[in-house]
Number of protein chains: 2
Amino acid sequence: MSVLVVGTTALDSISTPKGSNPRLLGGSASHAAVAASFFSPVHLVGVVGDDFPTRYLDLFSSRGIHLAGLERVKGGQTFHWHGEYEVNMNNRRTLNTVLGVIEHWSPKLPGAYETAPYVLLANIAPGIQHAVVDQLTRPKFVIADTMDLWLNVALKDLLRLLKRVDCLVLNDGEARQLTQDDNVVSALHRIHRLGPKYVIIKKGEHGSLLSGPDGLFVAPAYPLKKVVDPTGAGDSFVGGLLGYMAAQKSGSPASHLRRGMIHGAVVASFCCEGFGLKRTIQATRADITRRVRELEKLARF
Amino acid sequence: MSVLVVGTTALDSISTPKGSNPRLLGGSASHAAVAASFFSPVHLVGVVGDDFPTRYLDLFSSRGIHLAGLERVKGGQTFHWHGEYEVNMNNRRTLNTVLGVIEHWSPKLPGAYETAPYVLLANIAPGIQHAVVDQLTRPKFVIADTMDLWLNVALKDLLRLLKRVDCLVLNDGEARQLTQDDNVVSALHRIHRLGPKYVIIKKGEHGSLLSGPDGLFVAPAYPLKKVVDPTGAGDSFVGGLLGYMAAQKSGSPASHLRRGMIHGAVVASFCCEGFGLKRTIQATRADITRRVRELEKLARF
């Protein structure tokens, strides 16, 4: 089945001590859609200006990512993030953010999208995530991703959203911030009380944690000797996760969460090995299967 | 088979916003020996003053921990650590350390101990760890634990020790410090070049990583909703690990490292649930098996 992905479609300019990578394809929906496209057809819902390069549209299309829901605003500027890495590549700071066309955007789903079974509300303002849920008629499984910014500036919208999704994905720092609980395991329990039946906490190189009615699942990350650029890794994780779930022919969606997280972790590992989507788009489905098998071996006891 | 454990036997006084816990049984060898004693007979090598409470000696004995190698210095003062927790229980700081009898101690193994098959050099000055290795005649498997202090004040001794042990255990911060490499996975490879065939990196709540000739193993931690006092958790991990390995009747020692780490992680989880050894000594072998089974379930995919 197909996956509907809504989120940001952006241009990322990433400066490093060794040079600059201007106007890379970036944004939560771009990373998530490309990640999901390894497994399932994807319907992308986003907005760009007319400065958005045609080659990025071609890239989406070449991967079976449908663009009927990608709004193009004439004379508008695409959301642009400019960040810089320090010498050791561990610290990243934002130099500039131009919201552009995303600032006043409210998504309108193409008619056929309203019946989308698998929906990923990738990281974007909770108001926009609500607008998409409002238009859905019978989703099977809805995952929402978020970030600390929305906890700070749109907490009320976010809390309301938690009652409308099957699964919330957030990182450990955000889980602590949302619950005011320093212990990630007890934070999971508090987040369930806010609405979602399933909660996934991303811990970067330390893997991820799933909590649901069947208890916890501790997922490893794929161990990388070198991380080039982690931008988009979380989006790749959640995109790979839902793309994998949508591709399964039997069983309930939730029964595929564990292996979905493993597949998401593997797509995220490719994402980290290059700037933007450069390495991700070089990976093949066979490369993913190989790393999933490696993870199976290195987590066995 | 039995396990020889050398390290500190200490008194820990731990202050918290809710009260104080004076003169608890602490030290790397105490935690490690108690952890190992769930699985195997233990021979403890350490030193205490005559202020060391008899009830702690009785506790060791009651758990099958042999004390022929525990030196008692007349008129001497036991190593004493005094630490304080902040309100959120996450930050701990040292208020005072009295080295006491440990300062000028050099261990002399009782004759029968020289043929010890499984040896744990728990966290203590590398010079003391060397003195023990000097007296061993045919160990099957030697694990050394360490801490950042020794990287700062005894690096040369530590580097020399790495060529004399089968396995080094250290935490992620120490691995980064030792190798000057921010990436834990590539740090593992650098540590192998320093000597040990097996390297284990402890990551606290994020589990642990093993690297050896057969590649990596990613071990989960047992997820705890509440951590009361993590003091000694790393020592419990490594004690449980080697105690478990020594209890296996067939196969090479290294073939039991993975499940050993899981058992060590479980003993460490009990350690974190109480001050000092209070919770650890309440746990039964059946409690450990139960948590190991839980870990098997929650790591399966």
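The largest nonpolar core takes in 191 residues, and those with the most contacts inside it are A:Val5, A:Leu120, A:Ile143, B:Val5, B:Leu120 and B:Ile143. Such a core is a set of buried Ala, Val, Leu, Ile, Met, Phe, Trp, Tyr and Cys residues joined through C-beta atoms within 7 Å, buried meaning that 20 or more other C-beta atoms, placed from the backbone, lie within 10 Å of a residue's own. The model is predicted: local features need pLDDT of at least 70, side-chain atom pairs count only at pLDDT 80 or more, and totals for chains, interfaces and linings use all residues. Residues are numbered from 1 along each chain as its sequence is written, with chains lettered from A and ligands numbered from 1 in the order in which they are written.

Helix 6 (residues 172-179) and helix 7 (residues 184-193) of chain A have axes that come within 9 Å and cross at roughly 60°; axes are lines fitted to C-alpha atoms over the stretch in contact, with angles from 0 to 180 degrees between N-to-C directions. That makes helix 6 of chain A oblique to helix 7 of chain A, oblique being what is left once angles under 35 degrees (roughly parallel), over 145 (roughly antiparallel) and 65 to 115 (roughly perpendicular) are set aside. Helices are DSSP runs (H or I, at least four residues) and strands likewise (E, at least two), numbered from the N terminus.

Between the chains, the contact takes 25 residues from chain A and 25 residues from chain B. On the side of chain A that touches chain B, helix 7, strand 13 (215-219) and helix 9 (257-272) give two or more residues, and strand 13 of chain A supplies the largest share, 5 residues.

Methods. Buried ≥ 20, exposed ≤ 12 C-beta atoms within 10 Å, placed from the backbone. Contact = placed C-beta atoms within 7 Å.
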